[in-house]
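Please keep the structure open beside the text as you read.

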Amino acid sequence: MDFNVPRGSPSSSTSSSDHHHHHHPNSSTPHHQNGNPYSSPSPTSDPMHSWWESISKARTRIHILSSLLPTDEESSLSLSSLADTDRPARSLLLSSAAYFSFSAALSSPSSGSGDDPLCQWLYDTFLSSDPDLRLVVLSFLPLLTSLYLHRIHHPSSSTAVSLAGFEAVLLALYSSETKARNGKPVTISIPDLSQPSLYHSPRIPIKSSPNISNSQVNKPLVGVLSPPLEPQIAVKSTKRASIVGVALDCYYKQISQMPSWSKLDFCKFTSDWAGQDCPCTSDFDKRPESTVENNHGFENNDGFEEDQRVKFNEIENVVEGVKDLDIEDDNSKDERPDARIPLPWELLQPTLRILGHCLLGPLNVEEVKDAASVALRRLYARASHDLVPQAILATRSLIQLDNRERETAKASAAATASAAGSNANTPSKAKKPEILLVSK
């Protein structure tokens, strides 16, 4: 891969006068930049200069992208209009037309090679210092990851033999996260269940054994979510899942700023990774047995049974509606039949975090939530077949939260409709005519 990492930064291009004008420690003359007390501020410290430099960089990246995409007058005009806005990088991020145009080009069978100009554009754009431009690259990560993993595990003669372009982008994300973590693991504090409360700890430490010192008692319980990252210069087969998982973790950190079509693509691709639908996906939506246990033992309770049957019928209707969703495009129809891939925990853990946000995020559109619900049910079925305890526990919890939230929303909507109907049918009292007192 011959993607050159840009060397140097604006801070390195300082004036040579800084090396020739030194302030002598014994001198009483105050020190000024470049030895001139009336000199203007450096351009790199001027906020207006930095703002304009950021806009110019974003416009340059958009114009380069416009030259790489298929020549279409309408799409070219659309990209040009994005470059002319006050915030071109943010406009590019929020443009669905630009996203789908780029996705169609990236889904080409010849994409992903070492000399792929689209991968080169993603690589160079992510290495820029503009945070909005980095968000643009992250928004395409679900598609890039799906194409890469599918071609790795389902090679075809019609696709590119080398995937060095995809791997260069993934390694850029991995290296960025490695630098950010600074050789430290990602940890969480685990509550000590031996304490009286999960949220409060006693002022005087409680020793469960006389052999335990105070330092051991006061030491917090720490769980390791991710071990320290090792620098990687190539994507080896033994490190592939870890590198892709770290890239997805970068996506998760910025998921609140990702457009809905990017999240929808991720949910769709995750469903493909899990494999075809099977009866296990409806384990949480089955109708209860006719014999129901009540407080007096095992016996039939018609009222309770009827109530439960109505509730489960409502859930089944929601699930059937979710399953009937057609969340696929022309670029991936040929990949759906055999898109199942291995799902080690390094890859599954960040995937579940992203799906959790897509399912429960309050600002997500219903289409994203429904797609996440389908993906989680398929991952649950996959984890049940593969016997992955942590994946079964996580998917079960999210599915149950989804069912409860849908029940609550349906009950709230029914109550609102009932209240509106009762208010409409209630006759309003006739108002008494107003009497005006006029002074003679």
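Helices, as named here, are DSSP runs of H or I with at least four residues, numbered from the N terminus. With that in hand, note that this is a predicted model.

Most residues other than glycine have a negative phi. Asn182 is not a glycine, yet its phi is positive, at about 55 degrees. Leu387 also has a positive phi, of about 60 degrees, and is not a glycine either. As for their places in the chain, Asn182 sits in the loop between helix H9 (164–181) and strand S1 (186–190), while Leu387 belongs to the loop that joins helix H15 (366–386) to helix H16 (389–425).

Are these two buried or exposed? Exposed means over 50% relative accessible area, and the table gives the value for each.

| Residue | Relative accessible area | State |
|---|---|---|
| Asn182 | 58% | exposed |
| Leu387 | 67% | exposed |

**Inside the protein**

Now let us turn to the core. The largest nonpolar core has 77 residues, and Leu92 and Phe102 touch the most other members of it. Beyond its neighbours within four places in sequence, Phe102 makes contact with Leu65, Leu69, Leu118, Trp121, Leu122 and Phe140.

Thr145 counts as buried because its relative accessible area is 1%, under the 20% cut-off. What does Thr145 touch, not counting residues up to four places away in sequence? Its contacts are Leu170, Val244, Leu248 and Trp273.

Key: Residues are numbered from 1 along each chain as its sequence is written. This is a predicted model: local features need pLDDT of at least 70, side-chain atom pairs count only at pLDDT 80 or more; totals for chains, interfaces and linings use all residues. Side-chain values use heavy atoms; hydrogens and water are left out. A nonpolar core is a set of buried Ala, Val, Leu, Ile, Met, Phe, Trp, Tyr and Cys residues joined through side-chain atoms within 4.5 Å. Buried means under 20% relative accessible area, exposed over 50%, partly exposed in between (1.4 Å probe, protein chains only). Contact means heavy atoms within 4.5 Å. Helices (H or I, at least four residues) and strands (E, at least two) are DSSP runs, numbered from the N terminus.
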